[in-house]
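Welcome to this tour! Open your viewer, get ready to select residues by number, and follow along one stop at a time.

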Amino acid sequence: MKLTNTTIWKQLEEHALAMSSFHLRDEFDKDDKRFEKYSINLNNLLFDYSKQRINEDTISLLLQLAEYSNLEKWQDKLFKGDKINHTENRAVLHTALRSFSEATIIVDKQNVKGNVEVVLKKMETFIERIHSGEWKGYTGKPIDTIVNIGIGGSDLGPKMLYKALKPYHDPKIHVHFISNLDGADLADCIAHINPETTLFTIASKTFTTLETLQNAHTARAWFLRHSGDESTIAKHFVAISTNKESVSKFGIDTENMFEFWDWVGGRFSLWSAIGLPLALGIGMEHFNSLREGAFSADIHFKATPFEENIPVLMALIGIWNRNFLNAETLAVLPYDHALSKLPDFLQQLEMESNGKSVDRDGNFIHYETNPVLWGATGNNGQHAFFQLLHQSNTLVPIDFIGVVNSSYSLKGHQQRLFSNMTAQAEALMRGKNEDEALKELKTEEKHLASYKVFKGNVPSSTLLFKHITPHSLGMLIAFYEHKVFVQGVIWNLNSYDQWGVELGKKLANDVLNDLVNNDKSNKHDSSTEGLMSYFKSNFMDDIAL
């Protein structure tokens, strides 16, 4: 039966209609226990969803939707390694990458947990050699700079966490992340590094990713212009990949290749060897603390009843907002400068996973799936796009992410930052009616009242941490990963493939062949042909770095 024809879906639609006059301001005014009902305190984290447009009936119906979708069964499939990525015949086991349990997981007759431990030990040994100075560059100097070349899942997670965990950086090591095919990204980086003390980590599962390989070959050519000897590649390039043949062809010693597996999806891979540049930057102890935080989230997700389960509630509320309140976007607003890259990371995690219109059974669906996710650091956003959040006719649910204790002791800053976050959430919830606006205005200003009316009733959740640590960030990211999983189950999607990106890749190669080889066998529309013609007639040869 189509999801939208099920009894529970119809009940949710009817409930949404009944809630059309619901206003959060009224609910808080009449129920002083609302925060207690709709918040969860878990270790270092307070999750407050009391400012969502929900009541007890909403939650009850959403929990029934989860039950209808056999969520508990799908949880079991995820954790035990069933091949729930059915279009690619793969298990989905990022949870195994951060598991500290004794349980064995077997996939295709392989001990997954054993394989993970081997790679983690190899990472630990390698990091110790770099940090101790034992591993030296081609002139005998120790490595002090890491340049990670990757894109998407091979870049966004480690880069976001490296920025977020600045207080945990090893002062002897500086890590840079290169992803953009635009040569400016790489050129800016190598203008400021020393080839004698730089190690490049090339992160690509297949070692065929266009952007990564172009940047890697350019970096290789730049390096060889300084070292002058192909044999020095082995001291300055390592690979994070599954493709030994291509890694070896590039000139990297396969002993310096860090493996991961096809059951690790790119956007869920930061817990694997893809996290090597991050671990080099913060040390293996802190990288393991990150894993432990995610593991604690996994335990919570697997063992906690759904009505008290943070990622399950995040997912169900997201479905309520998307499918029944018709919200087309979700804003993620971290009120901590360290988390400024978090919205970028979550964009890929959520939209590449659940931005789909074909279900697990291969049928086109006619209900909405993942909202457009966007965001920025909240305090800056207040002076950019918050006007739209407050007074436009566009409903934008919000995830506020805050921290009680800053990593930096600058007097007066943290209280003001927290005050801004909570005040914005309250203002977006309460709004301001015309009577209130009139009371604030002088007699000669009364004509301005309508300009000062705020409808309010904007739904938001707040995730508030005591501290930003590797452990707390591991927990946060894992919660969002599980949110994606739950929503995929309910929307009946395979959240772990991404066929939608393939067509653009193929056409890019076709265009490139025409530009470089004058290959006319590929026909394009007149706009594409016109753009290509303009490019070719005005292009000047690239300058070597």
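This is a predicted model: local features need pLDDT of at least 70, side-chain atom pairs count only at pLDDT 80 or more; totals for chains, interfaces and linings use all residues.

How much space lies in the largest pocket? About 1,100 Å³. Residues are numbered from 1 along each chain as its sequence is written, and side-chain values use heavy atoms, with hydrogens and water left out.

**Stop 1: the largest pocket**

Select Thr209, Glu352, Gln498, Val501 and Lys505, which lie nearest the centre of the largest pocket among its 42 lining residues. On a 1 Å grid over the protein atoms alone, a pocket is an open set of points with protein on both sides within 12 Å along at least five of seven lines; a cavity is a set of points where a 1.4 Å probe fits but cannot get out; and lining residues have an atom within 4 Å of a point. Grid points are joined across faces, edges and corners, and a volume is the space filled by probe spheres set on the points. Now colour α10 (210–227), α16 and α22 (502–517), the elements that give two or more residues to this lining. Helices (H or I, at least four residues) and strands (E, at least two) are DSSP runs numbered from the N terminus. Helix α22 gives the most, with 4 residues.

**Stop 2: the second largest pocket**

Next, select Asp336, His337, Ala338, Ser406 and Tyr408, nearest the centre of a pocket lined by 33 residues. About 830 Å³ of space lies in this second largest pocket. Helix α19 (413–430) gives the most to its lining, with 6 residues. Helix α8 also supplies at least two lining residues, and α8 is your next selection.

**Stop 3: an enclosed helix**

Leu156, Met160 and Tyr162 are among the buried ones. What covers them includes β6 (174–178), α14 (284–303) and α21.

**Stop 4**

The core has 124 residues, and Met123 and Phe485 have the most contacts inside it. A nonpolar core is a set of buried Ala, Val, Leu, Ile, Met, Phe, Trp, Tyr and Cys residues joined through side-chain atoms within 4.5 Å. Zoom in on Phe485, which touches Leu71, Trp74, Ile84 and Tyr496, among others (heavy atoms within 4.5 Å).

**Stop 5**

For the largest cavity, of about 170 Å³, select Met314, Gly318, Asn321, Leu330 and Lys483, which lie nearest its centre.

**Stop 6: the sheet**

Finally, switch to a cartoon view and find the open sheet of 5 strands, ordered β6-β5-β7-β8-β9 with parallel pairing. Strands β6 and β9 (257–258) stand at the edges, each with a single partner strand, so one side of each is left without a neighbour in the sheet. Pick out β5 (145–149) and β7 (198–203), which pair over 5 bridges; two strands count as paired if DSSP finds at least two bridges between them. Asn148 has Thr201 in β7 as its bridge partner.

Technical notes. Buried means under 20% relative accessible area, exposed over 50%, partly exposed in between (1.4 Å probe, protein chains only). Lists of a residue's contacts leave out its neighbours within four places in sequence.
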